[in-house]
Amino acid sequence: MGELSFTGEGYHEITSDNLGGAVGASILATKTITFSHGKFPMEMVSFKIRSSESDAIVKLYNLDGALIQSVTIPKVDPSATKNSFFSSQTNGELIARVEITNTDKTKGHMILTQVVIKRDGEVHLAGIIDLAVGAGATPGPFAANIGSTVGGYDFDGIRVHSALDYAVREIDGHAGGKHLEVQGPTFFHLDKYGVQSVDVEVAAKRSATVTFLDSYNKIIQTIEVSATTGYGTASSQAQKISYQAPEGVSISHFMVTPNGQAQVDNIKFQQRAGVRTLLDSPDQESDVTAGQYFGGAEDDVLAVDEVARLSSADTGVHGGGGIDTLKLTGANQTLDLAGLTGLPTTAKISSIEKIDLTGTGNNTLKLSLNDVLNLGGRDLFVADGKTQFMVNGNAGDKVELSKMHGNGVDPGSWALAANTVTVAGQVYNVYEHSVTHAELLVQQAVVTTLI
């Protein structure tokens with residue numbers, strides 16, 4: 001999955017914002033802060049930042065190193081208790097790197113905290129308010145009655161963070177239950193794949209806006225909430241919002257932006273039909289028939305008897321956390337990854353780090369540098385700092401390894417390394433790309449042809 005990696009000038013981690021507010025693990029910098037998510041691009045990034053005595057400039061760069069967004073964060077009074085809030089707006093373009101620069105490096109400092117990123121449909125949070133919703137059936141519906149909370153904001157299925165400090169709080173409702181009161185732009189991240197509909201109740205002191213966004217962080221619907229008569233009293237009636245996403249579009253998160261204050265309650269969301277979430281069980285194997293399969297945090301094995309099943313528009317395999325395996329269980333099957341990997345939000349195969357060709361007979365895998373980069377990860381099998389993908393199999397199985405396909409430009413080539421590697425007692429040949437230095441590890445009995 002990869003982790004956030006911070007570098008920069010004049011920075012260090014702190015556990016207090018130096019202004020009396022405990023913020024958990026934060027970054028204080030006098031010059032620059034740069035962070036990325038390893039080799040993995042980010043679909044969205046947001047964070048709180050406080051810059052004293054001079055402005056800060058936030059710049060986002062894409063995979064080619066080109067600037068895709070630049071925002072100036074105005075300086076604030078050092079005694080202020082509020083942070084500025086930044087959220088990326090890149091029109092779906094993936095983010096490779098974030099750079100934050102103090103405009104006057106001779107004075108002042110920046111404090112960065114509550115970093116939130118989205119990658120591969122998952123929300124990764126650091127030091128933020130963590131809210132979610134009561135447990136529901138898998139794959140849904142997932143219902144959230146705030147009154148089900150015990151001991152704080154910890155629900156299953158939704159994570160919430162606010163654009164402002166101290167802007168979300170749990171308060172008593174009118175029927176002995178609870179609801180959330182928000183005082184600034186507040187994100188509700190849906191930690192499930194393939195969400196097609198959301199129901200939520202919102203009451204507004206003056207007015208509010210509810211914005212729904214897709215997996216690319218693009219706005220797909222905005223709904224206005226007018227002032228609620230009797231707001232904050234037993235007679236108030238929240239507006240019930242039911243939103244259904246267009247066919248083929250998944251809701252990633254929604255944002256409530258109040259004009260003053262708003263109260264949020266009774267959240268429910270439903271995944272698309274055919275979405276299957278695997279249990280977090282080590283070495284679990286699940287047979288892929290039809291539908292979207294999503295692994296959990298452990299090492300999952302997804303078994304396919306006929307690769308033609310992956311041609312269905314409604315079928316896909318997505319490993320999730322851990323090192324996940326796509327296993328061919330049949331014979332005389334040819335799995336061609338062209339067009340099956342790619343952007344995590346649209347790929348039919350994603351977060352799969354190994355393919356097992358063994359099956360009941362001879363099978364063939366066709367893949368390119370694109371696929372190794374899309375599916376592989378750094379140091380997955382050997383600690384050499386390179387992106388790696390693995391293929392298992394036995395005598396009779398074949399791999400056809402090609403250069404960049406499609407519109408990719410590939411000035412390099414694949415070559416067999418002089419030395420083999422041993423992983424979990426099995427010997428692998430290693431094929432390394434001369435430019436990207438990506439590695440394909442192929443079990444020694446499998447015949448590999450360079451195309």
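This section describes the strands, sheet pairing and nonpolar cores of the chain. The model is predicted.

The protein chain holds one helix and 38 strands. Of its 451 residues, 49% count as buried. The accessible surface amounts to about 19,300 Å². Carbon and sulfur atoms account for 48% of that surface. Contacts between residues at least 6 apart in sequence were also examined; 67% of these join residues at least 24 apart.

Four strands make up an open sheet. Their order is β27-β30-β33-β38, and the pairing is parallel. β27 (334–336) and β38 (447–450) are the edge strands. Each has a single partner strand, so one side of each lacks a neighbour in the sheet. From one strand to the next, the twist averages 15°. Within this sheet, β33 (residues 398–402) is joined to β38 by four bridges. Lysine 398 has valine 447 of β38 as its bridge partner.

Parallel pairing also links β24, β26 and β29. Strand β24 (residues 300–304) is joined to strand β26 (residues 325–328) by four bridges. Here valine 304 is partnered by leucine 328 of β26. β26 pairs in turn with strand β29 (residues 354–356), in the parallel sense and over three bridges. In that pairing, aspartate 356 of β29 stands opposite lysine 327. Such pairing of strands in a sheet runs through backbone hydrogen bonds.

The largest nonpolar core contains 30 residues. Leu326, Leu335 and Leu440 touch the most other members. Several elements each supply at least two residues of this core: β24, β26, β30 (364–368), α1 (369–375), β32 (387–392), β33 and β37 (439–443). The largest share, three residues, comes from α1.

Another core, of 24 residues, lies apart from the largest one. Its members include Val182, Phe188, Val200 and Ile251.

Conventions: Residues numbered from 1 in each chain as written. Predicted model: local features only at pLDDT ≥ 70, side-chain atom pairs only at ≥ 80, totals over all residues. Heavy atoms only, no water. Pairing = 2+ DSSP bridges. Axes fitted to C-alpha atoms, helices over the stretch in contact; angles between N-to-C directions. Core = buried A, V, L, I, M, F, W, Y, C linked by side-chain atoms within 4.5 Å. Buried < 20%, exposed > 50% of the residue type's maximum accessible area, 1.4 Å probe, protein only. Contact = heavy atoms within 4.5 Å. Areas by Shrake-Rupley, 256 points an atom, 1.4 Å probe, with all protein chains shown as cover.
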